[in-house]
Amino acid sequence: MTDKQPVLLTVLIETSHLRWYVAGIDLRGEALPLLRSDAGNLSPYVGVPFDDQVSFLRHRLSGVLQRGCDRLWGRQMKPCQIVFVADGPFVQADAELTPRVAEHFVEWMTRPPVVYLTAADGFATPNPPVLNQVAGELDVDLRRALETGLPLLGAMLNQPDAWERVPTKNAT
Amino acid sequence: MSDRKKHPILLVDDEPEILFSLQGLLRREFELYTAESGVRALEILQQHPIHVIMSDQRMPEMTGVELMHRVKDAHPEAIRIVFTGYADIRAVVDAINNVGLYRYITKPWDPDELIEVLHQAANRYEEIVAHERLLADVRQYVQQAQQLAQGLRDQPPSAGSAPLDLEQFTSQGSQLLQRLAQATSPPTTTSAGK
């Protein structure tokens with residue numbers, strides 16, 4: 001039992017800039033930006049063997065989730081669903097990389113559950129985003145909240161001060 | 001939580017932002033030390049009486065499990081926890097079988113659950129320390145008993161001589177028996193789970 005507000009812990013992945021944002025979206029679709037990385041934060045996967053790419057992205061993105069959870073906790077919020085939304089497949093990589101990483105998180109984490117989606121038109125669309133499911137499932141009500149909140153987050157991507165910046169340290 | 005004893009806990013992760021995040025989460029509950037490498041963690045363990053050490057598994061120079069191997073040898077009383085963001089099954093198996101981990105935690109963790117796990121780990125440390133103290137007291141008592149018996153063999157008390165302090169000795173024995181009875185189960189050092 002928890003008295004914390006349930007939210008969708010939402011990770012946005014900008015594949016072209018190799019960076020991520022993490023935010024909360026509550027069940028009404030209100031968006032709370034939390035953290036953002038520098039561009040290139042995900043770049044260590046580029047050019048390494050496939051298994052190393054998967055390993056790196058698992059590690060890096062699980063750290064993103066961790067920090068997101070911690071930030072939500074400080075606001076009396078708790079994830080009821082983890083949502084990854086990428087604006088496309090990982091660039092400069094085998095097409096299998098995105099589903100492999102997505103399936104890893106869906107299988108590895110069940111509490112809260114994970115869904116991995118792609119938004120082919122990007123995040124900053126005025127209309128409800130077109131979301132394609134890569135792995136995992138999303139309840140109808142949660143999907144509605146996501147579709148409401150995602151454009152709001154998309155509009156905040158060009159407001160760097162709305163997000164707490166996480167500097168990139170190294171390529172482990 | 002302010003009246004609760006703050007146990008010293010060492011957090012190890014090569015990503016300073018994760019350490020920063022953990023500090024924000026745990027600083028009210030625990031006395032925190034942080035290290036960005038296994039080598040630095042071992043230095044801190046030499047300098048401070050750490051009750052619980054929690055390390056990331058994936059670090060560039062020394063993995064969490066490698067660190068815990070060394071901690072187990074040099075500071076066996078410290079409760080050991082490793083966290084990871086990906087399923088490295090070999091490391092998990094090695095950790096459980098050879099390092100005596102208290103927990104193997106996956107990222108992301110629920111902050112409330114993490115705090116609870118760390119309190120449980122600190123309590124386990126207290127139990128182990130109390131158990132070792134009890135064993136030391138029992139050993140000392142047995143030594144005293146042996147010396148007493150030897151003394152009686154060498155020089156039996158004659159009528160009118162000063163009585164041995166058998167009453168105090170018996171009282172000590174009763175107290176030890178009570179403590180032994182309270183220690184219902186010996187501490188285990190290996191327990192794995194998320």
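**Notebook: the largest pocket and its surroundings**

I looked up the lining of the largest pocket by class and found 11 nonpolar, two polar and six charged residues; here Ala, Val, Leu, Ile, Met, Phe, Trp, Tyr, Cys and Pro count as nonpolar, Asp, Glu, Lys and Arg as charged, and the others, Gly among them, as polar. I noted that this is a predicted model, in which local features need pLDDT of at least 70 and side-chain atom pairs count only at pLDDT 80 or more, while totals for chains, interfaces and linings use all residues. I also noted that residues are numbered from 1 along each chain as its sequence is written, that chains are lettered from A and ligands numbered from 1 in the order in which they are written, and that side-chain values use heavy atoms, with hydrogens and water left out.

**Entry on the pocket**

A pocket is an open set of points on a 1 Å grid over the protein atoms alone, with protein on both sides within 12 Å along at least five of seven lines, and its lining residues have an atom within 4 Å of a point. The largest pocket holds about 440 Å³ of space, and among its 19 lining residues R111(A), P108(B), W109(B), D110(B) and E113(B) lie nearest the centre. I then asked which element gives the most to the lining of this pocket. Helix 5 of chain B does, with four residues, while strand 4 (77–86) of chain A and strand 5 (103–106) of chain B each supply at least two. Helices (H or I, at least four residues) and strands (E, at least two) are DSSP runs, numbered from the N terminus.

**Entry on strand 4 of chain A**

I followed strand 4 of chain A further and found eight of its 10 residues buried, which means under 20% relative accessible area with a 1.4 Å probe, protein chains only. Strand 4 of chain A runs parallel to strand 1 (residues 5–14) of chain A, joined by nine bridges, and L12(A) has V85(A) as its bridge partner. Two strands pair if DSSP finds at least two bridges between them.

**Entry on helix 1 of chain A**

Helix 1 of chain A covers residues 50–74 and reaches 37 Å from its first C-alpha to its last, close to the 36 Å expected, the expected span being 1.5 Å times one less than its number of residues. Because 20 of its 25 residues are buried, helix 1 of chain A is largely enclosed by the rest of the structure.

How values were computed
Buried < 20%, exposed > 50% of the residue type's maximum accessible area, 1.4 Å probe, protein only. 1 Å grid on protein atoms, 1.4 Å probe; cavity = no way out; pocket = protein on both sides within 12 Å on 5 of 7 lines; lining within 4 Å. Points joined across faces, edges and corners; volume = space filled by probe spheres on them.
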